[in-house]
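Good morning. I have a few minutes on one structure, so please have it open while I talk.

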Amino acid sequence: MIFAARTSLRLTLVAVAALSMAACGSRPKPQLQTPTPPQETPVQRPAQPAYQPPAPRPPIEQGPLAGSTQDFVIKAGDLVYFDVDQYDIRPDAVATLKAQAGWLTRYPAVQIRIEGNADERGTREYNLSLGSRRANSVRDFLVSQGVAPSRISTVSYGKEKPIDPGTDEAAYERNRNAHTALTSGAR
Amino acid sequence: MRLSTLLLALCLSLGGLGFIPAARAEIEVDVNKGDVKPLPIAIPGFGGDRGAEISQVIASNLERSGLFAPLDPKGFAEQNLQIAIQPQFALWKAINAQALVNGQVTVEGGRLRVDFRLWDVFSEQQLLGLQFTSTPENWRRIAHKISDAVYERMTGEKGYFDTRVVFVAETGGRLNRTKTLAIMDQDGANPSYLSDGKAIVMSPRFSSNSQEITFMSLRPEGSSIYLFNLETARRESLGEFPGMVFAPRFSPDGGKVAFAVERAGNSDIYVMDLQSRQARRLTSDPAIDTSPSFSPDGGRLVFNSDRGGAPQLYVMNGDGTSAARISFGTGRYTSPVWSPAGDFIAFTKQTGNTFHIGVMRPDGSDERLLTSSYLDDSPTWAPNGRVLMFSRETPGGPSRLWTVDITGRILRPAPYPGSGSDPAWSPLLN
C-alpha cells in the first residue's frame, strides 16, 4: 500500500515537470523594434494541473516493546499512592495493581522490587518503617493476585527519594507511593 | 551584676523544670532577678605562638553557647597581660568585664604549652589557673579544653566544646540528593568525609569512646548497619538481616548496639552484643517499633511505636519487658533520644503542619517544646545534656544543622555552612 502510493505520487511529479518544459519551449521570442520604455508584460504561465494530494497514508503504530519496562508502565502503571500515614491499598490503586499482576503473569521471567516511599512531612527514621509497610502492602496484594513471592523484593526509601520536589499537598501525595521496579527479566 | 548572674540565669531557666545544679549550692538564687543576659567576658589575645587564634576560638565557643558575651578587644585598656602578674582590675571594671581570661603560649621541646587564668574582675579573685600541653597542631583542641574549663567553672555544668559531630552532608537537588557521612569539630572546624556518597547514609551515632560510630547505609538492594572506626577507617557490617535494618544506636558502655529490623513490613527493636554478635529481639508488636535509645545506665530504652494508633514514645527495660507509653500530648512523637545526663528525653513532635524539638522527663512529665518550624528532626545531645543539635528544613530549602539549649532560649544555626542532616554529638574527647 505505502509503496503503491509513493509510486503514483512520483509519476504525478514527472508529468508536471514534462508539462512545464513544453510550456517554456513555446514562449514567443521578443521582437527588435524602436526603443520603447520597457513594458511589463504579464508572463504567460502554463496552466498547471491542480495539486493532487497523495492518497492518505496509514499511520505507523509505535509502542513499547511488549514485555519491556515501558510496556509495564503504560499497560499497568508502576506507581500507586497512599493516604497520609497510611499503608492500606486505596481503591484507586486496586486497578493498577491488578494490571501489574496480570502483566507479571504474562511475563513470568520478570523479577520486581517494590520501593516504598513517604512524603517529607515525617521524621526520617519513622518514615523508613512507613515506607516498608507500603512496599509490603503492595507485595501482599500482588501475591494475592497470583504473583510468586520469590519474584518480589521490597525496599523502603523512607523520605529519601521524592519524585516531586514541591512542598504542597499535591507534591506530598505524589511522594507517598510504592514504585514497582522491574529488576530483571524485562525485554 | 556579679559572676553569679550567669549561674542565676541558668538556675532560673532550669528552675522551672525543677533543676538546680548541685555543684554550685553556695550561690544564692535571687528569684527576683530574672535577668538572663549573657555574661560580659574579656578574652584578650594570649601571648606567644598562636595565642591570638587560641583566644578567638575560646571567645567564639563561649559566645555560641549564648551564656557569654565576649567583649570587643578594641576596648581593652590593659595590653600585654602577664600570666604571672595580677591584671589591673580597675581597667577591666571600667568596661564592665565581669570575667577575664588571659593566657600565655610557650613552645618547649616541640610541644605547645598553654597557661591560662580565669578572673572574677569585680571580686578581684582568680577562679581558675590551668595549664595544657600537647603537640602544636593540637592547638584548637587546647582552646576547646580551656573553653570547657571556663564554662564549667562559671556555670557548674560540664562543657561540651572539646567534641566532634558526625552528620550527613547533603549535596544536589531535592530529586537527586547525595548524602555523605561527614565529621567535624563542634565549631565546624576540620570537616572531612567518611563515605563516598554512592549509598544513602543515615543515622550516624557515636560510641562512648568517641572513636567509633555506627550508621545505616541504604541501597536499592536493601540496607545495612555498620561500625566505623575513626582511627583506622575500618568499616564493618553488623551482619545480614531478613529485612531492612535501621536506626542503630550504641549502648552507653559501647558494648551493644540497638536497632530496628523490618520483616514483612513490621519493624521491631533488636539489641546486638558486639562481642558475641548475637542479636536479641526486644519487641514483637505488629506496629512500627523504631528509634531505640538507651538510658545513661543502659538499663532502659526509649523508643518510638505506633502501637497505640499514632507514633508515640515508650520506655521499656533493657530486656524488652514492661514497655509503657510516656508521651500523651496531642501530636506525633518520634526520634526520642535519652539525655546523657539522664534527666530528659528529647524528641521530635509534629502538631498539624509544624515540627518541634522538645524535651520531657523519662516518665513523660514536664514536656516542653523548644523549637517550632516547617521541619525539625533528629535531635542529638551535647555530652552535658544542656544543649541539643538538630536538623531544620525550610519549605523546599536545604537541611541545615541548628543548636538549641534546654531552655529553648538560645537557638542558632550550627557553625557548618553547608547542608547537613542527622547530626550526632560525640562525648567529651579524652
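First, the conventions. This is a predicted model, in which local features need pLDDT of at least 70, side-chain atom pairs count only at pLDDT 80 or more, and totals for chains, interfaces and linings use all residues. Residues are numbered from 1 along each chain as its sequence is written, chains are lettered from A and ligands numbered from 1 in the order in which they are written, and side-chain values use heavy atoms, with hydrogens and water left out.

Chain A, then. Its average pLDDT, the predictor's confidence in each residue from 0 to 100, is 84, and 75% of the residues score at least 70. Residues 1–26 of chain A stay under 50. For that stretch the model has five contacts beyond four places in sequence, where contact means heavy atoms within 4.5 Å. Where pLDDT is low, the predicted coordinates should not be read in detail.

Chain A has five helices and four strands. Helices here are DSSP runs of H or I with at least four residues, strands are runs of E with at least two, and both are numbered from the N terminus. The order in chain A is α-α-β-α-β-α-β-α-β. Of its 187 residues, 36% are buried, meaning under 20% relative accessible area with a 1.4 Å probe and protein chains only; exposed is over 50%, and partly exposed is in between.

Is helix 4 of chain A enclosed or open? Of its 21 residues, 17 are buried, so the helix is largely enclosed by the rest of the structure. Just after helix 4 of chain A, A:Gly146 has a positive phi of about 100°.

Now chain B. The domain assignment, which is automatic or from a database, gives domain 1 (39–155) and domain 2 (164–425). The contact between them takes ten residues from domain 1 of chain B and eleven residues from domain 2 of chain B. Their C-alpha centres lie 36 Å apart. Together these two domains bury about 760 Å², 43% of it on carbon and sulfur atoms. Buried area is the accessible area (1.4 Å probe) that two parts lose on being put together, summed over both.

Two salt bridges are found across that domain interface; the rule is a side-chain nitrogen of Lys or Arg within 4 Å of a carboxyl oxygen of Asp or Glu. Elsewhere in my notes on chain B, the side chains of B:Glu63 and B:Arg412 form a salt bridge at 3.1 Å, N to O.

Helix 2 of chain B has buried residues, among them B:Ile54, B:Val57, B:Ile58 and B:Leu62. Their cover includes strand 3 (99–108), helix 4 (139–155) and strand 28 (411–413) of chain B. Just after helix 2 of chain B comes B:Gly66, with a positive phi of about 80°.

Last, the two chains together. How much area do chain A and chain B bury between them? About 2900 Å², with 51% of it on carbon and sulfur atoms. A:Arg121, A:Arg124 and A:Glu125 supply 26% of the area that chain A buries against chain B, more than any other three residues. Seven salt bridges cross this interface. A:Glu160 and B:Lys179 meet in a salt bridge at 2.6 Å, N to O. B:Arg332, in strand 21 of chain B, has contacts that include A:Asp85 and A:Tyr126.

That is the end of my talk.
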